[in-house]
Amino acid sequence: MAPDLGGWIHSFAVTDTQTHKAGFTLYKITSIVFPRAVPQALTTLVVWRRFHDIKKLHRELKRRHKSLGLSGYMPEPIDCSFFKRFDQDVIRKRKAYIVSLLDFVAQHPALYKSHSFAQFFSSEATPSNKIQKLVQKAARSLVGRSLEIETDTVDSGVKSNEDIIIAEIFPNDKDECEKAEDVEGDGDSIVDNGKSSDNDTSLDTSLTTKCNLRFLTPMASVESEDSDYIYEAALEFSSAVQAEANLDYNDAYTRYKSGVDILLKGCKDDLNDDRVYIARAKISKYLARAEDIHERFLKNSQRSIASIVSTSNFQLALDVSCNTNSESSGFYLERPWHHMAKYKVNALLGNKVLLVSCITEPLKPQYVMKGIEKPSSNSPTQTVFLPQHIPYMVDLLAFFQSDQKIFLLLKLALGGKLIDYVHSQNLSNEKTQKLNEEEEKSSDVCKISKDSPELVPDLVESSKQLIESVSNTINESEFIPRRMNGILLYSIPQHFLKKWSQQLLVAIHALHEKSVILCDLHMDNLLLDENSQLLLSYFYQNEGLSSDSFIHKALNPKALDNHFVAPERPLTLRSDWWSYGVILYELFVGLPFKAAHPGQIDLYGFVQYPENVEIPKVKRNLLERLLQQEPEERLDYERIKQHEYFADTNWEEIKQQGFNTR
């Protein structure tokens with residue numbers, strides 16, 4: 001859901017499709033608009049459009065977006081192949097694209113107030129004769145028993161008034177609504193190139209109507225008074241949305257649950273299949289929303305925050321739940337913006353991540369500085385939560401903020417990336433093996449040539465000395481290199497594997513206790529300190545409203561491409577255990593998970609392993625119980641701790657070590 005600064009909130013959904021006999025698919029697009037201050041004043045519009053119309057709308061709005069120099073990047077059409085247009089996967093992706101395009105438009109008043117956008121939602125084409133008759137009958141029955149509400153035209157192209165409670169536009173009979181003329185099918189209307197007959201009332205005739213009346217009516221069919229329960233539930237859901245926008249998650253959770261209860265009780269005795277279908281769909285949607293809010297914000301009471309700055313659409317919050325030292329409060333960690341001048345940039349470590357040093361400190365120590373963009377004035381409400389005191393995660397030392405950005409000053413992990421360390425150890429040992437092989441060859445030459453000293457150059461003796469020197473300088477790390485089909489498989493000693501697996505588990509759980517979802521945890525997030533202890537790169541949490549009721553941080557493309565991100569959406573706390581499983585797979589097997597699963601992850605019914613690579617049964621069991629595509633079937637934190645692989649682990653000791661090594 002994407003609110004705009006004009007005080008209106010827009011929500012879009014593509015709930016159904018119909019196949020037209022002329023050879024294209026129609027998408028049922030629902031638009032819900034209501035003023036933020038009065039969420040009960042909700043207006044719903046439904047139109048049926050083909051994908052051709054969507055692409056046309058995209059072209060027109062893209063030109064306007066570019067000419068006005070608006071922020072952001074407009075989503076581009078996907079899966080436009082003519083021959084695949086009826087594939088269910090293509091239809092699903094197109095539905096998702098339509099919602100993403102409309103949500104983007106809703107963030108820019110200059111776009112959603114444009115003529116092309118208003119025209120897109122200006123009329124409703126009925127999908128079938130059955131539904132047309134149902135709606136017309138409902139509207140006729142409503143004329144005699146409902147109150148007509150006067151409306152004013154707003155800039156969004158939708159007739160509305162802030163005092164409307166719940167209203168929908170229905171095609172009415174000829175006394176109340178004006179019949180539109182059929183137009184040839186160039187993509188703007190749903191007709192079969194003007195060849196339809198007057199007697200055909202199917203989709204290809206699809207009379208478009210302009211209704212000038214708006215009625216107080218339930219969100220579903222008004223054919224029966226029994227549908228009032230859907231109206232009552234809609235009021236609860238609208239209030240829940242407003243509570244969520246104001247970050248009042250307790251109230252939002254309560255109202256979502258209340259709306260679900262109303263629907264459950266109402267649909268039990270409802271004899272209208274259409275309304276029951278609508279009610280069940282809403283039950284599934286809003287129950288999942290309530291459970292997600294409970295899981296993210298209400299389940300764990302340990303999360304305590306101190307607000308550092310709060311504006312109309314942004315709040316920065318700092319974790320103080322484990323903090324007893326007043327000097328370490330959030331206000332102490334915040335440094336004046338002009339102090340940024342003390343830090344010199346030494347290198348670029350990644351996107352918005354810098355290696356810096358403080359020029360005013362005697363030893364000029366190095367730190368990591370990470371940038372966070374604040375939301376623009378057109379963005380919805382957002383909270384950035386900065387956790388502290390997480391075992392086995394790099395420390396937050398300070399932060400600086402301006403009107404546009406926040407910069408986090410983080411402790412540098414001196415051991416670098418874990419994967420780089422593992423690869424370097426394996427490559428070093430592979431070189432050592434080669435040198436040893438060369439030494440054996442040299443020894444053979446010496447044996448053969450012992451009776452012919454002139455054939456043995458001084459270089460042989462020098463080579464032997466070099467080999468001995470290299471062997472002494474390389475630590476006995478037990479990182480034994482292996483090769484499979486020319487690919488170097490790295491091998492990690494068991495004590496390192498167990499230690500890093502334990503430390504990563506504790507770090508993830510500590511973030512979960514503060515309701516922080518890592519989302520795209522991957523190998524590049526794993527670092528080492530000077531003692532080879534594992535450290536997570538710094539994770540923070542974004543919270544706020546978006547198309548699925550939350551703003552989520554942009555997922556790392558590398559993590560997505562390599563299957564580190566769990567397959568379900570939206571991501572929850574349980575999604576991070578999938579990422580944990582993919583990381584353990586790479587550490588246990590010595591090969592990236594993507595190498596054994598090159599296609600889409602839903603193509604695989606079970607975990608794949610490379611041939612001729614022996615994986616102990618206990619490790620296989622752990623991996624396979626973590627890498628379940630259904631979230632509820634994955635191991636959670638408590639069950640992971642109890643797994644046989646972690647037998648005899650003192651978890652309290654592991655956790656305490658994570659604090660002691662900071």
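Reader: Of the contacts between residues at least 6 apart in sequence, what percentage joins residues at least 24 apart?

Author: A contact here means heavy atoms within 4.5 Å. Among contacts in the protein between residues at least 6 apart in sequence, the share that joins residues at least 24 apart is 67%.

Reader: What kind of model is this, and how are its residues numbered?

Author: The model is predicted, so local features need pLDDT of at least 70 and side-chain atom pairs count only at pLDDT 80 or more, while totals for chains, interfaces and linings use all residues. Side-chain values use heavy atoms, with hydrogens and water left out, and along each chain, as its sequence is written, residues are numbered from 1.

Reader: How many helices and strands does the protein have, and what percentage of its residues is buried?

Author: Helices (H or I, at least four residues) and strands (E, at least two) are DSSP runs numbered from the N terminus, and the protein has 18 helices and 25 strands. Buried means under 20% relative accessible area, exposed means over 50%, and partly exposed lies in between, with a 1.4 Å probe and protein chains only. Of the 662 residues in the protein, the buried ones make up 48%.

Reader: Are helices α1 and α2 roughly parallel or roughly antiparallel to each other?

Author: Axes are lines fitted to C-alpha atoms, for helices over the stretch in contact, and angles run from 0 to 180 degrees between N-to-C directions. The axes of α1 (residues 51-68) and α2 (residues 88-106) come within 11 Å and cross at roughly 30°. Angles under 35 degrees count as roughly parallel, over 145 as roughly antiparallel, 65 to 115 as roughly perpendicular and the rest as oblique. The two helices, α1 and α2, are therefore roughly parallel.

Reader: Which residues make the contact between α1 and α2, and how do they divide into nonpolar, polar and charged?

Author: From α1 come F51, I54, L57, H58, L61 and H65, and from α2 come R94, Y97, I98, L101, L102, F104 and V105. Ala, Val, Leu, Ile, Met, Phe, Trp, Tyr, Cys and Pro count as nonpolar, Asp, Glu, Lys and Arg as charged, and the others, Gly among them, as polar. On that basis, the residues of this contact divide into 10 nonpolar, 2 polar and 1 charged.

Reader: Is T25 buried or exposed, and which residues does T25 touch?

Author: T25 is found in strand β3 (residues 24-35), and with a relative accessible area of 7% T25 is buried. Not counting residues up to four places away in sequence, T25 touches T17, Q18, R49, R50, F51, R85, F86 and I91.

Reader: How far apart in sequence are the parts that D524 and K417 tie together?

Author: A salt bridge is a side-chain nitrogen of Lys or Arg within 4 Å of a carboxyl oxygen of Asp or Glu, and the side chains of D524 and K417 meet in one at 3.8 Å, N to O. D524 lies in the loop between α12 (494-513) and β23 (526-528) and K417 in strand β20 (residues 416-417), so the pair ties together parts that are 107 residues apart in sequence.

Reader: What separates D251 and R255 within helix α7?

Author: The side chains of D251 and R255 meet in a salt bridge at 3.3 Å, N to O. D251 counts as partly exposed at 29% relative accessibility, and R255 counts as partly exposed at 27%. Being 4 residues apart in α7 (residues 249-268), the two are separated by about one helical turn.

Reader: Are helices α14 and α16 roughly parallel or roughly antiparallel to each other?

Author: Helix α14 (residues 575-589) and helix α16 (residues 617-626) pack with their axes 8 Å apart, at an angle of about 150°. The two helices, α14 and α16, are therefore roughly antiparallel.
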